[in-house]
Structure formats: C-alpha cells, structure tokens
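Please look through the sequence and the model shown below.

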Amino acid sequence: MAAQLFAAIDVGSFKLELGIYEITAKNGLRQIDHLRHVIALGKNTYSTGKISYELIDEMCRILEEFVKVMKSYQVSDYRAYATTAMRLAKNNQIILEQIRVRTGISVKVLSNSEQRLLTYKAIAMKESEFQKIIQKGTAIVDVSFGSMQISLFDKDSLVSTQNLPLGVMAIGTILSKIPVHSWMQRSIIEEVVNKELGTYKKMYLKDRDLKNRGIKNLIAIGELVLYLARDEVDYVASYREKNTALTAGESQGTWMGATDRVSAEDFMAYVDRLCQMSQDQIEERFGVNAGYATLLMPAAIIFRKVVEMTGAEMIWIPGIRMCDGIASEYAQSIKKLNFSHSFDDDITFAARNMAKRYRCGGSHAQCVEKLALELFDVMKKHHGLSSRERLLLQIAAILHGCGKFISTRNTGDCAYNIIMATEIIGLSHEERKLVANVVRCYGQEFDYDDDDTRVAKLTALLRMANSLDRSHKQKMENCRMAMKGGELVITTDYDGDISLEFFAVSFCEGFFEEIFGIKPVLKKKRRG
Amino acid sequence: MAEIDSRYMKYENYVNRELSWLEFDHRILEEARDKTLPLFERLKFLSITASNLDEFFMVRVASLKDMVHAGYVKPDVAGLKPEEQLRKIEEKTHGLVSLQYSTYNRSLLPALKQNGLRIVARHEELTEEEAGFVDEYFRSNVYPVLTPMAVDSSRPFPLIYNKSLNIAALIKEKEKPDQLDFAMVQVPSVLPRIVEIPSAGERVVILLEEIIERNISSLFVKHEVLDAHPFRIMRNADLTIDEEEAEDLLKEIEKQLKKRRWGEAIRLEIEENADKRLLKRLKKELDVHSGDIFAINGPLDLTFLMKMYGLEGFDHLKAPRYKPQPNPAFMNEDDIFTNIRKGDILLHHPYESFDPVVDFVKTAARDPQVLAIKQTLYRVSGNSPIVAALAEAADKGKQVFVLVELKARFDEENNINWAKTLEKAGCHVIYGLLGLKTHSKITLVVRREEDGIRRYVHLGTGNYNDSTAKLYTDCGILTCHPQIGEDATAVFNMMSGYSEPLHWNQLLVAPIWLRKRFLRMIRRETDHAKAGRNAKIIAKVNSLCDRDIIAALYEASCAGVKIQLIVRGICCLKAGVPGLSENIEVRSIVGNFLEHIRIFYFENDEAPEVYMGSADWMPRNLDRRVEIVFPVLDEKLKEKAIHILQVQLDDNVKAHVLQPDGSYAKIDRRGKSPVCAQEQFCQEALDAVKRQNALEEPEDKRVFIPVEGETE
C-alpha cells in the first residue's frame, strides 16, 4: 500500500506521547493520532537521581497500551526516544531494559543536542514558513522544564545554539524556597532570567554580522508555550479589537488570532496581563492543572525577556512536538520526505561558527576540510564509512586547530576539551566524542585503546589532509586524487616547491597504510 | 471576558424549571384536547401527560422533598426555595390533573362512544349480558392471581408497591357489625388492564380494576364490603440524588442522610368518591401530606390509554403511519464510504431513515480496510443491530472501542447485558467516565485506504437507538472531513484516559469547553448588534435552563440581537419582557414525533455558523456531561439545517408561543395557510425520494448501456 504508517514515541520528562504518522508520496507526513499521558518522570530524576519503580510500572503500562494502538494502525516502523529525565536517571539502562522486556519497545536516550535538532526538524515540517522566516535573523527559543535552548538562524543557516540552565522547574524551585508575596515573584523571576540572559547576550549576541542585521523573528517552542498559546479568553479580546469575523476554522484558534503569529508588542502586553493573574485564573484560562499553572508565568517571562533582549518583532508559535520531529527525521531517513533546508549544513555551520570563535577558521582549515572530504570520497570503497561519518570528518577538519586558542602546546588535549564542552547541534554525545578524539589524535600519537575503528579511520584521513597543507599555503588546493592499483595517487600541478608536503605525507603514510592498507603517493604533474 | 451584567441575573428574570416543565406537560395535554386531531392520537397524548407526570413526581418532586428534609434552603434561579417550589408545584399539578380528567371524561369518552367504542367507566353500568362475561372472566383469569389482604390487630398494614394500582376496601365482619377493617388487593400487573367485552354492535371495553371491584365481595367472603376504590401511591424511591442538582446539595444531603425518609409516599391518588373513613385510614398509614392527595374523577393511571391506542381496528382514527424515507445520497449502488466521500451527508430522522447509520457500522465491521471502530452508546435498544455489528467487527480483529453509558436513568439492566456481550466478543468496553455522564453521540471509523488513513465520522443529536429513531426527531452528519476526524480521534483518546488535545479543530466539547464557547458565540452576536452589524440567534433545544446562557441571551436581546428559540420543554427564560427580552421569541412544538434535535444558528454578520449536537442549554449538559456540538460546514447542508429551523419557525399548527406572562398560546392562524413542520418534513422527504427516482429513471429504456469495469 502506498501509505506507510509510522509511530513516534516520546518518553519525555513530564509526559509520554505517542504520535501515529502517515507517510505518503502525495501528502508527505501527516499526523493521524496522538496520545498523551502525563507522568512526571522528571520529578524523581531531578531530586533522587533515579526513577522509582512505581513510575516505571506506570510507564510500561502506558507503553503497552501504545503498542496496542500501534498494532491497530498496523504501523510498519517506530522510533522511541527518551529525553532529559531518562538521560539524567542513574538507573536508565536498567529501565530501558525493563521497557524492552515488558513492551518490546527499544527506547533510545537522546543527548540534548540531538533532541534540539529533532525539534528543529519538527519545525521544518512547516517547511515553507520555516524557510521564509529564517532568511532573516531568527531566534528559536525552546523553553522546557529543565533548561532552555536558544538557537540563532540567519540567512537560512544556523549561527549558534546554546543551552542555558534556565528551566522553569529550576525557577519554580528557587521561588518555592524564597517566601515572597506573589506580586514579588515576578521581579525575582526577572532577576534570575536577566542574569542568565545577560551572560548569554554578552557572549553570543555580539556577532557583528548578526548585530547589524538584527534579530527579527522569534520561534517559540516547547511544551509550555503550547499552553500559553491556548488562552481563549484573550483571543476573544483580540478579536473584538480587530473586529474580524470568526470562521469555523479560525474560531477554534487561540488568542493569536487566525494565524499562529503574534507581534512583539501584543506578546509583551499579553505577558504583562498574565503576570497579574492569580494561580486560579491561570488554571481556569489555560485549562491546566495547578502544577502546570505555576510554570506558565516563569515560561512567559523568559519568552518576554528573550523578545526584549533580541528585539524580535514577530513571534511564531508553530505548535510542534517532539513526536513530529521524530517522524519527520524518520520520513527523511527513508527518503519519503525532503527538507529544502539542509540540517547537515546547520551542523557544519555551527562547527564553522565555533571555529570562528576559537580563531581557527582560516584558509588552512578550509583547505584541510576540502582535502579531507576529497580523500573520504575517493577512498569510499576502502573505508566503508557512511555519509554521517563524512559529516563528522568535516566537522573535525573545521575544528582541527581550535586547541591553539588555549595554548600552542598540547593542542590536541585542549581541542578535545573545547569540543567536549561545546554543544554541536545535531550531534549525539558519542558523535561529539568521536570528533573530539579525531581532533585530539591527528597531531599526536594515536591511542590504540579506543575500540571505535572509526576514530582511527577518520584520524588517518584528517592527518593526511593536514599533511597535504603542511605549509598552510594551500599548495594542494587543485590536486587530483585517484585510486590506481592499490595506491592512492595524489597529483598536483603546483609549480613551486612541495618538499615540505612530501615530507609530511611520508611522515604519516605509515599510519595511513596501517589503517587502510593503501599507500598514498604524492606526485607532481609533469608539464607537458 | 467581562462578567455579565448582574441585572440580567436577577431572580425575577427567571422561571422556575419545575413550573416551566408543568407548562410543557400542559401543552401536551392541549394536544389531547385538540379536536382537529385524530381521536386515538389524542388518547396517546393524554397517556403521555400521565406518564410524564409520574416521572416528574418520582424524580423532581422526590428530590425537592429530599431538599426540604435536608433543610436545604438555597433558592433556584427564580429565587424560590425548595419548600416554596413544592407549594407552587402542588397547586399546578392539581390543576393539571383535573384538566386531564375533564379531558378524559367530557371530551374523549363521549367521542369514543360516538365512534363505536364504549368504555365502561363503572361496573354498575354493565348490561346483564356483559356482566355475565365479566364475572366469568374474573373467575377464570383474575381470581387465581389475586392476593387479598386484610388489616386487623394481628395483621399489619401491608407494603404497597410504588406506582402499583390497588383497590382499598372498608370491610366489616358479618358477625361483628360495628368493627370496620381495612382491606386491599393489588390489581395484578401481569394481566392486561383493558378487557374487551364481546358484543355485537359497538365495541366495549372495561378496565381490570372495575372487574375486580365488582367481584370484591368474593375475596372477603366472611365480610361485608362497605366501600371499595382503586388507589395508587408514588414513593420517593429514587435512591440516587438527581444529578441535576448542585454539588453542594449532594454534600448537604450526604451529611443529612439520616434525615432522609426512604420510600416516603409523595403522592396518593384515589378515586374521588371514596369513603372518608377509607381515605383517612390510608392517609394515616402512608403518612401523606393532604396536598399530596389527588382525588381522581376517573380511572387512575391514564397510561393505559397507550394500550388503548394499540387496540385492533380504529385505523381511521389514528394518524397514518409514516415510513422513514431513504436519504437521496444513498439511493445508488455505491457503498456507504464512497457516498460519504462524495460529500458530507445530513440525515434528518425520522423523516429520513436511520438505516444508513446502522449500515455505517455494519459495513465498517465487514470491510477489510477498516482498522478501528469507536463509538459511544447510550440507551441502545435491546437487540440492536449496531451492537451485533460491533461484536462482529471485534471478532474480525478490528480494534473496537465502545463507551457504554450505564447511568441512563431507566434502562441500566438493558445496558449491562449487551455490554457484557461486547466484552466477550473482544471489544474494549469502558463503562462511562468518573463523575461524568457521556451524552455525546459519536462514531468513528478508521479506514486504511489507497492514499492513506481516512476517518469517517458520524455525529448525531440522538442516541444510537434504531427504535427511538422512528419516533424522535434527530439529526446526524456523516463526514470524512479530516479535521473532524482528528477531533473525533481526540475525543476517544480523551475517553480512554489520555490528556485532552491542545486545540479542537471543529468540535465543541463539554464539560470543559462548551459553555465558554456558547457564551462567546452569543456575545459575539451582541457585539455585532452593538456595532450595527447583522446579528441573530436561532436555537432549537429541548430545554433551556442555564442561568449564564439565559443572562447572555438577555444581554444580546438588549443589544438588539434578534433571538428565536424553539424550546420543546423547560424554558426558564422569560420572553418578550420590555427592557429585558423584547427581541426574544420562544416557541415550543409538540407533535406526533418527539422533538429532539438541537440546532444552533448564529448570524455572525452575514457569515452564519450552524451547529448541532447532543447538548441542551442546561447546567447538567454544559457542566456534568461529555457532550459534542459540531459545526455544519458544508454550505448545502448548512442550508438544509437552516431550512429545518425555518420551517419550525413557520409552524402555525403545532407551535405554542411563550407569552410575556409565562403562559403559552397557539398562533392565530387567520389569513395564513397552515404550516405543520413535522408534516412538511414528511412530505419533503417523500418528494426528495421521488425526485431522485426521476433522475435515476433512464429516459430511453431501449438503449442498452454496457457496464464497463471501473478503473481506479
């Protein structure tokens, strides 16, 4: 049958969600069903570091029901991802095994950066709008329970992404420990938020290019903004002012009106009104329970502050969920869906920005990147790696010199630490570690203890690429590479002296041969 | 949202719901008094007023009495405390009952006699020959099942069953002439109440209690029977507090539980000329308040008239039976899913047949492409084809989810039996939601088709009951609109215990969202009117007694919104009151079919919106039930829905209009051609079928049309 059905399971910190999606050539990805069960896995993890048996039992019970629903839709595949709460739980491996045994579902724990990229992929489901919006300076702000993420896009690509320890739960905890009147709460929240955002602004919003163009749009995502967008009462108020007629479809909308956008001005005014509401009023108007109600105000203030800080003029609330991202990633992986926005480019772009920050992004780095990729492509049959590793090699090449920012000595370890401490959107923790190891090893003794042969392969490729530009003069820029009778022949038409490169290649060819069983040969093209 | 002006909320702006209900019963009684109606139809209406009144006592009066016992003094919307309400109800019900019997005695009995049916009102009127038959009937059929009971010093006063018909007698022993004793016998419910006496010319019937009364001396052989009369009591036997009352009442009553008098007699009906000593004895033993005693001039419990309607013959005195017509959208060879894909279909029952709805579930059960069927069931008929189809679907491996509502007042046992059948077949059955009655009528069929998953939804205003669908007027929509499908899925997920969706695309769902939404739509009209735009509200409901909705309607009326309401039963709103509701018009239609559709029309400045659904404008529907109100999206169907409203508004035969003084009056038809909405709908359904047939009829039958394989 033409339509393929897919199930996405999100084991979130505060809820379990199941999304059933239909993937067709004609309509692309379409959500068919959505189940949501509120369960506070996070509460436990944040306090005791473990998830209690009762919660695991409840979780398994719901997942069993999910499996039944999946069967009834005859889904052909599924992905189940867990996020922060599970990631932080000390006993997560045991829990995952229990889930697998009881329900047959294997759940993968996502790293923060993978999780964020998934949400961006979900936004990209609303393709045309996303594409339009990120042509201008855009901040994607994801406020969740444990933390928040700010990613900046400009001219269709990702500029930077940062995770801030500014979750609404944390704010809630602070508030619960400071006994103040409710009208004081707002200013305390604002102080906390200002502090965190102030630092962020100093460090990351100073990019000259971005500063000139300014941030025009803000895309607000995360569970809480979905609830904020739900206030029906203010919607009527705004409708009354505008005197527009409600049609059947629109009348189901939210206070933002027919679209899911709102101007900064309206948004600020709205948050101010929200801050004056009592807990009960918030519960009533947003249709949430007391637990959520206490979190809505901090979330609203965070968004307001981000709007102030960035000077965004328009706020877009696309109303997406994690499950959407899982499904869209899957659809893309089976080639049923194409994003016109390249997320791989976002990843490399993030790496390039990082290189800029650590001042290692010069022409040498560019040349090494190009050579490394050419090597990768020409050696394809011999290394057997996938396009994902190609991306990782590219990132390693971009960042290979970043350690020098700290010290010119021991650059490998410095680079390793920088990479491990910086989130690169879209990379899992393991992938980031792989990149960091490759960068660490290319310039020093290879550490054979690492089980991952990919490290060795990528290191060998990066070393070779770096050797080819040993003089940092891009002599090999126009070289040609080809496999000839078990040798990798690199031919250059560079006129000048290339003895330094010859030396460098001969220095690392042993390792290269050891890894691939291929001898690299550098040749100067004869003038005809 | 700003609060509604408190001046609209004043007590004087509202009518007590019980008194308004009694007005409704009065309107039905007027149908029984309408000489233009076929005679036997009038019998039916009179019977309905009697059974309605019984239910009213058992549920409403009983619960008011509970309130009084519990010392609950919170006034209702009209500012009446329970005690005051009871007093007014007493006054009204006595008037209503005497009107019932004067209708019966003065109008119906003579008319029946004229038409060749004699009801022997008292056994003394029997001819000798008839008496002979009756006595023989008594000896062979009645006597064996009677249990006479006498009360004396050694035998206590017997338990008298709720709603049972009994004969009370004053007897004295032949040996001890000065001591009077009380005796009684229950009129057996296993025997037919109406006994036909064979006769040559006119037909003659007598009621069972008269036969027993005539032969009562044979039951107490050693005694002399001085006086014997039928009587009937109604008890406060409703063990559950009526859910329509406020929650604080429930708590109050729980606290006062001990004060509640279980099984207290709340009404005593006895034949008018009963001996005073007999009455006194009954009053004392049953502890009935004088105001709750009804002296009846005629046979007790007029519901027997429904059986009378069923007597063989007399067809010329009954309204011709109407056969529900097929909806033209289904008059083809295509299967139901194909027909729904052609466009949304609006069904108007009972004018149009209920079969497509049954067919919908049946076809889904057998269709290999169907993955799941989900349905809410509330008051389903015993041997429902729908239940059978659901069981079959589960058997075929489809996912079947059924929400069975067990709290339907009168047929719990009926429900539980077939629910068990469904469970055995492998359906996922849930028995309602805690604290909420599920009143919504929705069916969802999920089908895996060539181009993906498609959802088919039926939404209705009436229950999935194929027998009441022939008597109740209801509407239903069959659609595969993706947004409605999505909402329907969310409704069932919510019923299975998952979180509510963040937004509804199209459906309006109670208890959480519906009230707000209705108020918002009413106030939108208010705003339109204030700004000089077109504003109008038409609503057809069974009952209107929600304080906030009424206040919002008053507010709209004052802003100049034209409001036309078609309210079958209770209406706590006052219409046409200067300075309050000048722009509100309320009418009530009582016809052969029970009006049951709910339609809501909002003019919305020339962008009209039409909704239908399961909810009335009552607090219980808006706050304590799961209800679904759905928009009519398709323009053609919207027209059809508006047409339904318009014809009802044009009705000048069956419509009663609410007067500013609270009474209802029929429309002065002088100079107008009569419009009877129900008859017109019947005719329109017949015409539609005729038109469709004419379209189908090939004009030249001599040309053969080869049927070729469809390519898809």
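Q: How many bridges join strand 3 of chain B to strand 4 of chain B?
A: In this predicted model, in which local features need pLDDT of at least 70, side-chain atom pairs count only at pLDDT 80 or more and totals for chains, interfaces and linings use all residues, strand 3 (residues 165-173) and strand 4 (residues 180-186) of chain B run antiparallel. Residues are numbered from 1 along each chain as its sequence is written, while chains are lettered from A and ligands numbered from 1 in the order in which they are written. Strands (E, at least two residues) and helices (H or I, at least four) are DSSP runs numbered from the N terminus, and two strands pair if DSSP finds at least two bridges between them. The number of bridges joining these two strands of chain B is 7.

Q: Which strands stand at the edges of the open sheet of chain B?
A: This sheet has 6 strands in the order 2-4-3-7-8-9, with mixed pairing. Each edge strand has a single partner strand, so one side of each is left without a neighbour in the sheet. The edges are strand 2 (149-151) and strand 9 (293-296) of chain B.

Q: At what angle does helix 2 of chain B run to strand 8 of chain B?
A: Axes are lines fitted to C-alpha atoms, for helices over the stretch in contact, and angles run from 0 to 180 degrees between N-to-C directions; two residues are in contact if their C-beta atoms, placed from the backbone, lie within 7 Å. Helix 2 (residues 39-69) of chain B lies across strand 7 (223-235) and strand 8 (265-271) of chain B. Its angle to strand 8 of chain B is about 140°.

Q: What is the bridge partner of A:S263 in strand 11 of chain A?
A: Strand 10 and strand 11 (residues 314-316) of chain A pair in the antiparallel sense over 3 bridges. In strand 11 of chain A, the partner of A:S263 is A:M314.

Q: Which strand gives the largest share of the side of domain 2 of chain A that touches domain 3 of chain A?
A: Chain A is divided into domain 1 (4-110), domain 2 (126-319) and domain 3 (343-524), with bounds from an automatic or database domain assignment. In chain A, 7 residues of domain 2 are in contact with 7 residues of domain 3. The largest share of that side of domain 2, 6 residues, comes from strand 8 (residues 157-164) of chain A.
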